Amino acid sequence: MPPAPAAVQPPLPPMEEAGPPSPGHELELSVLEGQLDERTPLSGVARVVPSRAEEPCPAQANQKSPWRSCNRILFGRFKLWMLIASIFLVLIVTIIVILCLIRGTYIDEDENEIPELSSNKTFLVMLKIPEECVTEEELPHLLLERLTDVYSSSPALSRYFTSVEIVDFRGENATVSYQLQFGVPSEDDSFMKYVMNGELVRGILLQDFHDQNLLGCEALGLDPKSLLLSD
């Protein structure tokens, strides 16, 4: 049996030669080249621009803050920083209260120390009575109470004051005399010079008469010459 004849393929169409690029293609190429030139620095090294996905988001930045834990809510609206501030406030108030209590209860032993009063110091006070008060029979006793109150309440002499008594009352001379007695330490020259001296004793009584007049005899003691004091 004779062999089958080979299949004859149709001839291929002749290939068209590539023509010059169109103006649209040239414009697109120029735009792409310009973008590549803008991203390329003058040094010739390509600069890598990070994408938005690589930038840290605000939430990540807040998580790295060391104070973020202080805003943690403990219960309700009470935050951690409120608890810390409250503790410091309570400590400060407690310290202030303790210091005030210590200062209020502190007693200066040297200031309140009373020396041993083994001797007595006596002063003679003579008051000249104004004419309008000579007829007052109760005046000597009123003055006795007044002198007792003055020296028993004196900050400087109250701890040393012992007693006061009437020595003489002469209506014709319009004078009344009193004897003041104080306890003093023995052989203490500085105490007698600066504390228990006649000028201080007399000055305290004169100041009291100027501050508050005697009821019924307002002119008594206003004249410094009307009050004499001797040892």
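Which residues does Leu205 touch, not counting residues up to four places away in sequence? Leu205 touches Val125, Leu147, Val150, Tyr151 and Leu227, where contact means heavy atoms within 4.5 Å. The points below place these contacts in the wider model.

1. Basis of the note. This is a predicted model, in which local features need pLDDT of at least 70 and side-chain atom pairs count only at pLDDT 80 or more, while totals for chains, interfaces and linings use all residues. Residues are numbered from 1 along each chain as its sequence is written, and side-chain values use heavy atoms, with hydrogens and water left out.

2. Overall architecture. The protein chain has seven helices and six strands, and along the sequence these follow the pattern α-α-β-β-α-α-β-α-β-β-α-α-β; the helices (H or I, at least four residues) and strands (E, at least two) are DSSP runs, numbered from the N terminus. Of the contacts in the protein chain with a separation of 6 or more, 63% are between residues 24 or more positions apart.

3. Burial and surface. Of the 231 residues in the protein chain, 20% are buried, with buried meaning under 20% relative accessible area, exposed over 50%, and partly exposed in between (1.4 Å probe, protein chains only). The chain exposes about 18,500 Å², of which carbon and sulfur atoms supply 58%; accessible areas come from the Shrake-Rupley method with a 1.4 Å probe, and for residues only the protein chains shown count as cover.

4. The nonpolar core. The largest nonpolar core has 31 residues, and those with the most contacts inside it are Leu139, Leu143, Tyr151, Leu180, Phe182, Met196 and Leu205; such a core is a set of buried Ala, Val, Leu, Ile, Met, Phe, Trp, Tyr and Cys residues joined through side-chain atoms within 4.5 Å. Two or more residues of this core come from each of strand 3, helix 5 (139–152), strand 4, strand 5 and helix 7 (198–211). As general background, nonpolar side chains tend to be buried together in soluble globular proteins.

5. Aromatic pairs. A search of the whole structure finds five aromatic pairs, defined for rings of Phe, Tyr and Trp (its six-membered ring) whose centres lie within 6.5 Å, with planes under 30 degrees apart counted as stacked, over 60 as edge-to-face and the rest as tilted. Phe123 and Phe182 form an edge-to-face pair, at 6.0 Å centre to centre and 75° between the planes. Because Phe123 lies in strand 3 (residues 119–128) and Phe182 in strand 5 (residues 175–184), this pair ties together parts that are 59 residues apart in sequence. The rings of Phe161 and Phe182 have their centres 5.7 Å apart and their planes at 65°, so this pair is edge-to-face, and it links Phe161 in strand 4 (residues 161–170) with Phe182 in strand 5, 21 residues apart.

6. The ring cluster. Ring pairs link Phe123, Tyr151, Phe161 and Phe182 into a cluster. Phe123 is buried, Phe161 is buried with a relative accessible area of 15%, and Phe182 counts as buried at 0% relative accessibility.

7. Salt bridges. The structure holds two salt bridges, each requiring a side-chain nitrogen of Lys or Arg within 4 Å of a carboxyl oxygen of Asp or Glu. The side chains of Lys121 and Asp231 meet in one of them (3.4 Å, N to O); Lys121 lies in strand 3 and Asp231 in the segment after strand 6 (227–230), so the pair ties together parts that are 110 residues apart in sequence. Lys121 is buried, with a relative accessible area of 18%, whereas Asp231 counts as exposed at 68%. Arg146 forms a salt bridge with Asp208, the closest N and O atoms being 2.6 Å apart, and this pair links helix 5, which holds Arg146, with helix 7, which holds Asp208, 62 residues apart. Arg146 counts as buried at 11% relative accessibility.

8. Leu227 is found in strand 6 and counts as buried at 1% relative accessibility. Leu227 and Lys128 are 99 residues apart in sequence and 6.5 Å apart in space, C-alpha to C-alpha. Not counting residues up to four places away in sequence, Leu227 touches Val125, Met126, Leu127, Arg202, Leu205, Leu206 and Phe209.

9. A loop glycine. Gly171 is in the loop between strand 4 and strand 5 and is partly exposed, with a relative accessible area of 32%. Gly171 and Val134 are 37 residues apart in sequence and 6.4 Å apart in space, C-alpha to C-alpha.
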